[in-house]
Structures are given as C-alpha cells and as structure tokens.
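Please find below my notes on the model that you asked me to look through. They are meant to be read slowly, with the structure open beside the text.

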Amino acid sequence: MPVDSKILPFRFRCLEPSNLTDALNLCSQSGDQVAILAGGTDLLIKIKRQMVQPEILIGLQRVPELQQIQTNEQGLRLGATVTLSEAEHYPAIQREYSALYEALRSMAAPAIRNMATLGGNLCNASPAADTAPPLLAFDAQLRLQKSGQERLVRLTQFFLGPGSSCLAPGELLTEICLPAPLPDSGSAFLKLGRVSCDIAKVNAATYLQRRGTVCILCRAAVGSVAPTPVRILQVEQLLEGAVVDSNLLRQAAEAGAKAIVPIDDIRSTAKYRRQVCQVILEEVLQAAWIRAGGVL
Ligand SMILES: Cc1cc2nc3c(=O)[nH]c(=O)nc-3n(C[C@H](O)[C@H](O)[C@H](O)COP(=O)(O)OP(=O)(O)OC[C@H]3O[C@@H](n4cnc5c(N)ncnc54)[C@H](O)[C@@H]3O)c2cc1C
C-alpha cells in the first residue's frame, strides 16, 4: 500500500561518484533498476510512495562539475545540480534573468530550495515545473551527456509528456545554457498556486525585446495547462513586429488563453485555469514590457 510517511520502504544501494566521468560511466553501466538522485525532493517522495523502486541510486551531490555557475559574453551556464537557492542568490540571475529569479523565489520553502536542483526540476518533467516557463522564454538549451557522447537540446524539445523527457537511458542532464540578455529586453514570471510557494495551478513567463514602441522579439511560455510546459506561439506572433500598447497586450493574453488545453485535476478546473492564464499572461507581458524600457 503506497504511503507518504518518513519511511523509505525498501533497501537500495546509493553510489556517490566524485567526478563527472565516473558518474557518466556508472549511469551507462547500470541497468533499468537505477535512479539518478540530485536533491531528492521529488525522487524520495516517489520512493516513499512506492511509485518507483530503484535498486541503485546514483547520487550527483559530490560531482563538482555539475555545481558550477559561469557567465560570459555568450550568456549563463548553470550546472545541473546548482540548487534553487544558489541560483536565486546569484547576482546575474537577479539582475538579468528576472523571470527565472521570480520563479525561483516562488518555489517551495527555503529548506526545499536548499536541496532541490535546477536539473531535478526539469528532469522530473512535471507540467507544473516552475523553472520551465522562464527557461523556455529565455530559449534555454540543455547539455545532455552519456559516456563518450554529448548533445545540446533546446528546452522546447526536451519535454515529451507528464514525467517524461527526451533523456535516453544512461543519459544525464549536465548543464543548462541561457543566452546573454539582449539590449532593451525584459522578462517576468507569475504563478498562481493554492497558497504561496505551492505547486502552480498555472504559471507563466515572458521575455520581450523592444525597439522604440515596437516589440521585436517575444517569447511566452506557460505551465500546468497542457501535458508539458509550452511556448504559446499565438501570443508571440501577435506581438512581434507590432506597436505595443495595453490593448494589444490584453488581446495577446486573450489569444494565449484560447490556445491552451488545460484539464480538470485536484488543483483546479480547466475553466478556472483558462481564466487565470489570461490574467497572469497579461500581467507578465506588461511587466516584461516595462522592464524592457517600454511605456504603457
Ligand atoms: C514541499 C515541496 C514543495 C515543492 N514546491 C515546488 C514548487 O513550488 N515548484 C516546483 O516546480 N516544484 C516544487 N517541488 C518539487 C521539487 O522540489 C522540484 O521539482 C525540484 O527542483 C526537484 O529537484 P531535485 O534536485 O530535488 O530532484 P530529484 O528529486 O533528485 O530528481 C527528480 C527527477 O529528476 C531526475 N534527475 C535529477 N537530476 C538529474 C540529472 N542531472 N540528469 C538526469 N536526471 C536527473 C531524477 O532521477 C528524478 O527522476 C516541491 C517539492 C516539495 C517536496
């Protein structure tokens, strides 16, 4: 009987490689009964509830290569096991990636944020993952590595369905790469949960670039309204190349809310999600435009 107690109901071995090469070798040599452990804030709950029963855990906490944060003229590179807290307190994220910073601040409580990792939030592939909409809006790329092989995948291609991603067996997410912010650009994130810091009923992020009064680049992404976090092209197409004012942002948010396919579940009804999606989309569009230096 699945339970949600503090007890881990079966025995497993935990291997803790101390460098990336060993971690990748262990992942490729291990069979089906293996799970990757980052912060454990999703995985250990699944183990306690007996939703998964791995025989071996490969812990990534001691792999220094996965803990790095680097910025250069290309942008920002975040190791997969950078914790939510470390990212939240990183000055370049606070300064230049507002939507990601706001998402991190909205997640769980500090105790969870100190353990939970960025890579774990993406690899868990929840439709409600809060870092997904901002990372989609920034057009993040993911470095996926397998012993002796490496590929870069755009985040738009990564999620396949609830709990499912394009990670191949034995493959690790090692790095999240964000392009440098463009001039006259701005971003914003908002989420609605049952209470603050709760899992999202709906979340949304936008990234806009401005030339004068014209929007020259728009990326909008939402979560909890489809089987995976998604970009909303209808919003992007309406705004790109257009002179921006409050009416246009409202129309874009309406178009976005029409484009989504939410479901009823324990957190919300589809109807409510659609209405809220429109409201928070309009708010993030306004905030991003103003942060880009635009006037409304
Ligand atoms: C009380 C509580 C509140 C929460 N609130 C929120 C919230 O507000 N918003 C939100 O989005 N989430 C929330 N979560 C969910 C969770 O904290 C996050 O998803 C977190 O970022 C997961 O990271 P982790 O390092 O703990 O992942 P883990 O649990 O270690 O791993 C998650 C999954 O990803 C896989 N994995 C991890 N890292 C890698 C890697 N590098 N390569 C390949 N596979 C990997 C694991 O095998 C596992 O399947 C909450 C959880 C709890 C317990």
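1. Overall form. This is a predicted model, and the protein in it has twelve helices and 14 strands. Its radius of gyration is 19 Å, close to the 19 Å that the globule rule gives for 296 residues, so the protein is as compact as a globular protein of that length. Along the principal axes, the C-alpha trace spans about 60 × 45 × 30 Å, and 44% of the 296 residues count as buried.

2. Domains. The protein is divided into domain 1, which covers residues 13-59, domain 2, which covers 64-179, and domain 3, which covers 185-291. If you compare the centres of domain 1 and domain 3, taken over C-alpha atoms, you will find that 35 Å separate them.

3. The shell around the ligand. Which residues are closest to the ligand? Of the 31 residues that surround it, the closest are Ala 38, Gly 39, Gly 120, Asn 121 and Cys 123. Domain 1 and domain 2 each contribute at least three residues to this shell. At the level of helices and strands, β2, α2 (43-48), α6 (110-115), α7 (118-123) and β10 (172-179) each supply at least two residues, and α7 gives the most, with four. Sorted by class, the shell consists of 21 nonpolar, eight polar and two charged residues.

4. A parallel sheet. As background, strands of a sheet pair through backbone hydrogen bonds, either parallel or antiparallel. Here three strands form an open sheet with parallel pairing, and their order is β1-β3-β2. The edge strands are β1 (13-15) and β2 (34-37), each of which pairs on one side only. Neighbouring strands of this sheet are turned by 25° against each other on average, with direction ignored. Between β2 and β3 (residues 56-59) there are four bridges, and Val 34 has Ile 56 in β3 as its bridge partner.

5. Antiparallel pairing around β6. Strand β6 (residues 141-146) pairs with strand β7 (residues 149-154) in the antiparallel sense over six bridges, and in this pairing Leu 142 stands opposite Val 153. The two strands form a hairpin with two residues between them, and in the turn Gly 148 has a positive phi of about 80°. Strand β6 is also joined to β10 by five bridges, and these two strands again run antiparallel; here Leu 144 stands opposite Leu 173 in β10.

6. Asp 139. Is Asp 139 buried or partly exposed? With 17 C-beta neighbours inside 10 Å, Asp 139 counts as partly exposed, because a residue is called buried if 20 or more other C-beta atoms lie within that distance.

7. Ser 224. A positive phi, of about 70°, is also found at Ser 224, which is not a glycine. Ser 224 has its place in the loop between β13 (214-223) and β14 (230-231). With 30 other C-beta atoms within 10 Å, Ser 224 is buried, whereas Asp 139 counts as partly exposed.

Technical notes
Residues numbered from 1 in each chain as written. Predicted model: local features only at pLDDT ≥ 70, side-chain atom pairs only at ≥ 80, totals over all residues. Pairing = 2+ DSSP bridges. Axes fitted to C-alpha atoms, helices over the stretch in contact; angles between N-to-C directions. Near = placed C-beta within 6 Å. Nonpolar A, V, L, I, M, F, W, Y, C, P; charged D, E, K, R; others polar. Domains from an automatic or database assignment. Rg over C-alpha atoms; globule rule 2.2 N^0.38 Å. Buried ≥ 20, exposed ≤ 12 C-beta atoms within 10 Å, placed from the backbone.
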